[in-house]
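Subject: Structure for you to look at

Dear colleague,

I am passing on the structure we spoke about, together with some notes for a reader who has not seen it before. Please have it open while you read.

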Amino acid sequence: MALPVAEWQGRTARLWAALQPALRERLAAASLQDAVRLGCDVLREEEAALVQLCHQAPTDKKPEAASWYREQGNREFKRGRYQAALRLYSKAASHELPGSPEVSVCFANRSAALLHLGHFEVCLEDIARAESHGYPDRLLPKVLLRKAECLLCLGRLQDAQDILRGLESKIALDGVMTTHLTRLQKLSQLKVKLGEKERCPEPAQGEHGGTQGEPEIWEENNRISGASSSLSLSFDAERGRHLVASQDIVAGQSLVKEEAFVSVLCPGESLPLQGGDTAWDTRATNADLYCHRCLRQLLASVPCQGCSYAKYCSQDCADRAWQQYHRAECSLGALLLTLGVFCHVALRTVLLAGFAEVSRLVEGSHHGDKNFQNPEGSCKPLSEAADAGAGSRGVPGCDSCGRYQSSYQALFHLLPHTEQHSPEHKFLCTLSVVALCKQLQAAGLEAAVLSQESPQQWSKPKTCEKTSDELSAELKTVAEAMLRHVLQLQCNAQAITVMQELGPGDGAVVDKKPVRLATAFFPVLSLLNHSCCPNTSVSFSGTAATVRAAQPISSGQEVLHCYGPHWCRMRVAERQQFLSQYFFKCHCPACLQELEPGVKSVVSIRNSFCCPKCQAQMQGEEDTLCCSNEACATSASRDHLSGRLQDLQQQIKKALDLLRVGKADQAIKMLLKCQMDAGTFLSPEHLLMGEMEDHLAQVYATLGKWQEAARHLRKSIEIVEMHHGPSSVETGHELFKLAQILFNGFAVSEALSTIQRAEGILSVHFGPQSAQIQELQEMKACLSELPRNILQRT
């Protein structure tokens, strides 16, 4: 959640309403500096309530939770559900206290699940963790056998042989041989396997073991960090800072490659368990699935030693996070989850920037140009510029040499839009930031925030209970910077998204959808203005963003990004309402065209209701819709048709639930019935008609009926192309699924042509090195190796 929890929002709203009118006026007109000062006074009576709210999101370690998760992991392991066991063992490890012998047991148990899942290298890492955390000597033969088996599977025969010899000697020295009888049998089996491996070495990897895309040609701009030399930075009163093509750009060309200045993982949904006998939740959220520093997907997480929330992909990431920011965040996890991701991003931003730089820029905002504090006053954005800057001394955010870098200085100069935010929202943000800084002071973390500690003092979180009613001058500076950043985030936060698999992900055809993974600041990416019909596409890899040209861009043309819904996904009135949060009105070509009198939105036309009698389009702006066929003249209530649409969507959801529990035949029957019902009142071009075709393709693929699956997916692609365009990312994803189906169904010729088309579209949006492109190339290589006579027959 970007903003604080609903309970805290409600309390601050009631507090605002109860303030004296004169104080409300002062707060509404206050500068960021004065808002922090006044917020310190107002917050006192709400601090206890905030502490109570934090109890709903505990992040401290609980050994009883660790024990429960480990038992649940053992249960899932015995059932052969190794992926579930893996997640539960990770949850257990995150709750174990540092130095506890049970930590080693968690890592050892997790290594067993990793072995069964075929993750041999990661299994070895967990075995090493178990050994380094004091795994009991009496149980060591078990993990050493596992280690030998991993080494054997990895082809490291000599290492495996050394482990087995040492293990054989260790067991022979044990006085009670029957204890290790099972392990001796396992050991002898492994020795047989080892002999077979030595006699029949694995063949060398062939040339088609993984086709790599051609490296992209890249020449960095000497004035804009992370940007291509084909771009230039411009500034004017109408559009503010913006990027323009300085030469002709081809579709697919990389324009910006930028590492986030700061990013914070979004915790994801985690609903309370219903009817359970425990408070512990076994479901995995983003916090369990991705590294809290680099956002890499987790297999075997390394837990933070101080809290149960932060998890990392490696010890290196854990150490770097601790040194850069987590030493100050660790003991505040519950408060950060309560106050929301925007507050967390603001805190991490100042921690990464360092107090010296934060203080310099905050002081500059007090004593510098009058427009620094209120740049909106000198430059009112007239169209789509969500981040227009101002000032008479060059482009805001550039350094003394005129270079715009992905730096804290550039980030600090992004507009906070203090005049446009509602007073109530600014009040909520102010109290939240002040509460966070007060807790930093009370927990004895001020020195860590002000970068006054030596590395030797970072070894464990502070637990000081000292409290103070007044913030120190330095923390007031930090609070002012944080308040600025929280306000900036409404217009400049970038959602880092990842393609996440729908369902278990173990089928032949994998369906994916983009989900929000983290919230970040990208100073260079923030230079791109908005358009509902953009000429760029943005993709992410970990904490890095890449902007590519989605179509040819002529020299002199502005480079544009879509902040919200694309013109083909939402009507203009709904788009304008959504975009109002950015404090501008969009005047892009798509909006201007739709706003002309008599012009009807393409979305309205294609996603329309049709006449129940003659299937002609229903039309009308009022509650009663009429058939467009004058000879028919049928009318129907808009509410009635909308109700039928909602019922239909519920039926589709039930069909997909049947598929998830393995009832594919019932799912097909229900989807076909839904399709027949939809045909009586929805346009054949309605996007839901395409979604049903896609769902039917998914069910038939589950049953291995590839031809049927392909037939339905082709119909889905026709509708997707109609709505989003033949070169859209949506069409690319559908073609990717069709390629998988044709590949599995051995339809070689059509599969090759579909792969080629999917490659062409997806490489433009995601680049030649993306996972989907690599998978398409592997399918193509596999099909190309088939005998010529088979290729000619298919």
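Which kind of link do the side chains of Lys737 and Asp694 form where they meet? They meet in a salt bridge, with 2.7 Å from N to O. This pair links distant parts of the chain, since Lys737 belongs to helix H29 (residues 729-744) and Asp694 to helix H27 (residues 687-702), 43 residues apart. Lys737 and Asp694 are both buried. Please keep in mind throughout that this is a predicted model.

Helix H27 also holds His695, which counts as buried at 15% relative accessibility. If neighbours within four places in sequence are set aside, His695 is in contact with Ile652, Leu656 and Leu671.

As for the whole, the protein has 32 helices and 15 strands, and buried residues make up 50% of its 794 residues. Among the contacts with a separation of 6 or more, 66% are accounted for by residues 24 or more positions apart. The accessible surface of the protein comes to about 37000 Å², and 51% of that surface belongs to carbon and sulfur atoms.

To return to the charged side chains, the count of salt bridges comes to 34. Side chains of opposite charge can pair when their charged atoms come close. One of the salt bridges joins the side chains of Lys91 and Asp288, at 3.3 Å from N to O. Because Lys91 lies in helix H6 (residues 82-95) and Asp288 in helix H12 (residues 286-289), this pair ties together parts that are 197 residues apart in sequence. Both Lys91 and Asp288 are buried.

The salt bridge of Arg320 with Asp316, in which the closest N and O atoms are 3.0 Å apart, has another setting. Arg320 and Asp316 are separated by about one helical turn, because they are 4 residues apart in helix H13 (residues 315-329). Arg320 counts as partly exposed, at 40% relative accessibility, and Asp316 likewise counts as partly exposed, at 45%. There is also a network of salt bridges, which links Asp41, Arg44, Glu470 and Lys476.

Another residue to look at is Val478, which lies in helix H21 (residues 473-492). Is Val478 buried or exposed? With a relative accessible area of 2%, which is under the 20% cut-off, Val478 is buried. Apart from its neighbours within four places in sequence, Val478 is in contact with Val350, Phe355, Cys437, Val449 and Leu450. Of these contacts, Phe355 is 123 residues from Val478 in sequence, while in space the two are 7.6 Å apart, C-alpha to C-alpha.

Lastly, there is a pair of strands. Strand S10 (residues 536-541) is largely enclosed by the rest of the structure, because 5 of its 6 residues are buried. S10 is joined by 6 bridges to strand S11 (residues 544-549), and the two strands run antiparallel. Within this pairing, Val538 has Val547 in S11 as its bridge partner. The hairpin of S10 and S11 has 2 residues between the strands, and in this hairpin Gly542 takes a positive phi near 65°.

With kind regards

How values were computed: Residues numbered from 1 in each chain as written. Predicted model: local features only at pLDDT ≥ 70, side-chain atom pairs only at ≥ 80, totals over all residues. Heavy atoms only, no water. Buried < 20%, exposed > 50% of the residue type's maximum accessible area, 1.4 Å probe, protein only. Contact = heavy atoms within 4.5 Å. Salt bridge = Lys/Arg side-chain N within 4 Å of Asp/Glu carboxyl O. Areas by Shrake-Rupley, 256 points an atom, 1.4 Å probe, with all protein chains shown as cover. Pairing = 2+ DSSP bridges.
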